[in-house]
Amino acid sequence: MAKTTGTPVPRPAGTHQLQFGVFFQGVNSGTIWKLPESGSQTDFQSFRRLAQTAERGLFAAFFLGEGLRLREHLGRPHELDVAGRPDGQTLLAALASVTSHIGLVATQNTTYNDPADLAHRLASLDLLSSGRAAWNVVTTDNAWTGENFRRGGYLDHADRYLHAEAFVQTAKAIWDSWAPDAVAPGAGAERWLADGAVRHVHHEGKHYTVDYTPRLPRSPQHHPVLFQAGDSPAGRDFAARQADVVFSAHPRFDAAVAFRADITERTLRAGRPGIAVKIMPASEFILAATNAEAVEKKAWVRELQIGPQQAIAYLEQFWGRRLDAWDPDGPLPDIPPAAAETSETRGSGFHGAKAVELTAQWRQEAADKGQSILAFVRAKAGRMDGTFVGSYSEVADRLAEYARVGAVDGFNISPWLIPTGLDDVVNHLVPELQERGVYPTQYRGSTLRENLGLAVPEHSVAVEPAVR
Ligand SMILES: Cc1cc2nc3c(=O)[nH]c(=O)nc-3n(C[C@H](O)[C@H](O)[C@H](O)COP(=O)(O)O)c2cc1C
């Protein structure tokens with residue numbers, strides 16, 4: 001339960017409203033895919049249903065993660081994890097045509113893409129959606145992904161952020177290169193393109209050389225909104241310098257307040273106003289008419305999210321070996337892990353954990369608490385930290401407190417059921433929040449930038465006129 005204390009973050013009046021985004025995750029430990037009402041994870045109708053529900057609830061953003069390689073577990077495709085993800089930009093372009101206001105956020109990494117190409121594709125989505133695109137900039141932490149690109153364990157952590165900075169600066173220069181009035185307004189004009197209105201982008205650095213005449217005019221929101229996800233000090237500083245919104249991993253109240261203070265300080269140090277960077281943590285909602293029902297529902301959701309198979313697979317990531325001979329209702333395995341560091345579930349956030357210490361500690365912890373494998377994993381895994389459990393009104397009160405102190409600017413919600421998992425949020429929680437004055441009652445504008453309350457970026461003069 002969130003505490004209701006916390007120092008208010010200084011913010012201009014009128015900005016204390018929360019925004020919601022929805023994060024379509026695909027099959028993983030948080031998504032229930034075994035219920036009869038669970039829909040396809042890849043069919044367009046699932047994405048359409050979820051995006052349209054979110055839009056009915058005035059959500060700011062529809063959000064897609066990115067995994068450039070199918071996750072593997074013990075050397076084979078992970079049977080219980082993400083089972084295929086359509087390409088983000090293709091999918092978001094299709095969603096643009098069946099929605100009208102919701103922002104369309106594509107997670108795209110800066111390690112395996114090319115700046116001029118990605119900037120063009122994102123600008124295309126932005127233009128075709130009339131200013132609703134966003135790019136969630138990640139550097140991607142899976143060195144193993146590189147094998148897909150014949151680059152092996154390409155770039156260490158620090159280098160990935162140096163690349164990311166050069167990449168984003170280049171993308172911004174590309175998006176800045178067409179003057180606001182570059183394109184003739186109507187049929188009567190003599191030229192489609194105003195003289196001298198397109199500037200050439202030349203970037204020559206350690207990481208990229210780009211010599212490019214950008215191919216698209218600006219969108220109604222100038223260029224895509226920039227999200228960032230990556231939590232290290234380097235990642236946070238990068239967000240402070242470049243991003244509009246952080247997709248954070250800190251939804252718990254105290255952690256959210258501390259994260260806000262940290263980002264504000266870093267943003268000020270980067271020479272931007274402290275409130276320039278919005279924060280939307282990952283979250284999960286388990287709601288019902290009463291608190292008691294919600295608590296019961298949570299137990300049911302967790303049982304479905306983490307069954308015996310998932311519990312064993314979860315431990316296998318850390319033990320680095322098959323554990324299917326162990327009884328999920330019995331104690332944790334009393335054998336050591338196969339390797340000192342986890343590496344068996346490739347593409348999981350647990351890659352590189354100190355397996356020997358961790359597994360010993362877990363065995364002790366489970367024994368102390370008298371927990372079986374299943375009970376232990378249910379308590380350990382999942383998204384406990386970012387889960388709001390309670391009645392609609394009680395959860396609305398707690399969220400209103402986040403808004404009151406300015407701990408976050410909104411939440412990025414991962415539904416545990418696809419495609420109907422947002423229905424109770426939209427039908428019941430949103431009206432409660434609106435009654436408390438902490439959630440929009442209409443879209444502020446038509447672009448994502450307007451709806452998030454972000455300033456339009458200034459036109460840069462740091463690019464040369466195009467050679468004609
Ligand atoms: C909330 C959150 C969501 C993320 N989503 C993705 C994703 O969809 N695809 C991806 O490749 N990386 C994702 N990342 C990982 C980032 O790519 C980043 O590489 C990773 O967090 C390591 O950087 P860091 O050390 O700064 O945290 C995400 C990170 C966070 C915190």
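Start with the largest cavity, which is lined by 17 residues; Ala123, Ile174, Trp175, Leu216 and Pro217 lie nearest its centre. Two elements give two or more residues each to this lining, α3 and α4 (157-175). The largest share, five residues, comes from α3. Helices (H or I, at least four residues) and strands (E, at least two) are DSSP runs here, numbered from the N terminus. By class, the lining divides into 10 nonpolar, four polar and three charged residues. In that scheme Ala, Val, Leu, Ile, Met, Phe, Trp, Tyr, Cys and Pro are nonpolar, Asp, Glu, Lys and Arg are charged, and the others, Gly among them, are polar.

A quick word on where this comes from. You are looking at a predicted model, in which local features need pLDDT of at least 70 and side-chain atom pairs count only at pLDDT 80 or more, while totals for chains, interfaces and linings use all residues. Residues are numbered from 1 along each chain as its sequence is written, and side-chain values use heavy atoms, with hydrogens and water left out.

Back to the empty space. Rolling a probe the size of a water molecule over the atoms shows where such space is left. A cavity is a set of points, on a 1 Å grid over the protein atoms alone, where a 1.4 Å probe fits but cannot get out, and lining residues have an atom within 4 Å of a point.

Now for the ligand. Around it sit 15 residues, with Thr140, His157, Tyr161, Asp231 and Ser232 coming nearest; being near means having a heavy atom within 4 Å. This shell has four nonpolar, eight polar and three charged residues. Which polar contacts (N or O pairs within 3.5 Å) show up? The side chain of histidine 157 has an N or O atom 2.6 Å from a ligand oxygen, and the side chain of threonine 139 has one at 3.1 Å from an oxygen atom of the ligand. Aspartate 231 uses its backbone instead, with an N or O atom 2.7 Å from a ligand oxygen. Taken alone the ligand exposes 600 Å², and the protein buries 80% of that; the areas come from the Shrake-Rupley method with a 1.4 Å probe, and for residues only the protein chains shown count as cover.

A few backbone spots deserve a stop too. Leucine 74 is not a glycine, yet has a positive phi of about 50 degrees. This leucine 74 lies in the loop between β3 (72-73) and β4 (76-77). Is leucine 74 buried or exposed? Leucine 74 is buried, at 17% relative accessible area, where buried means under 20%, exposed over 50% and partly exposed in between (1.4 Å probe, protein chains only). Serine 130 also has a positive phi, near 55 degrees, in the loop between α3 (115-128) and β6 (133-138); serine 130 is partly exposed at 42%. Finally, the peptide bond from isoleucine 418 to proline 419 is cis, with omega near 5 degrees, and proline 419 sits in the loop between β14 (410-413) and α12 (423-435).

How values were computed: A polar contact is a pair of N or O atoms within 3.5 Å; within protein, one must be able to donate a hydrogen and the other to accept it, and residues adjacent in sequence count only if both atoms are side-chain atoms. On a 1 Å grid over the protein atoms alone, a cavity is a set of points where a 1.4 Å probe fits but cannot get out, and a pocket is an open set with protein on both sides within 12 Å along at least five of seven lines; lining residues have an atom within 4 Å of a point.
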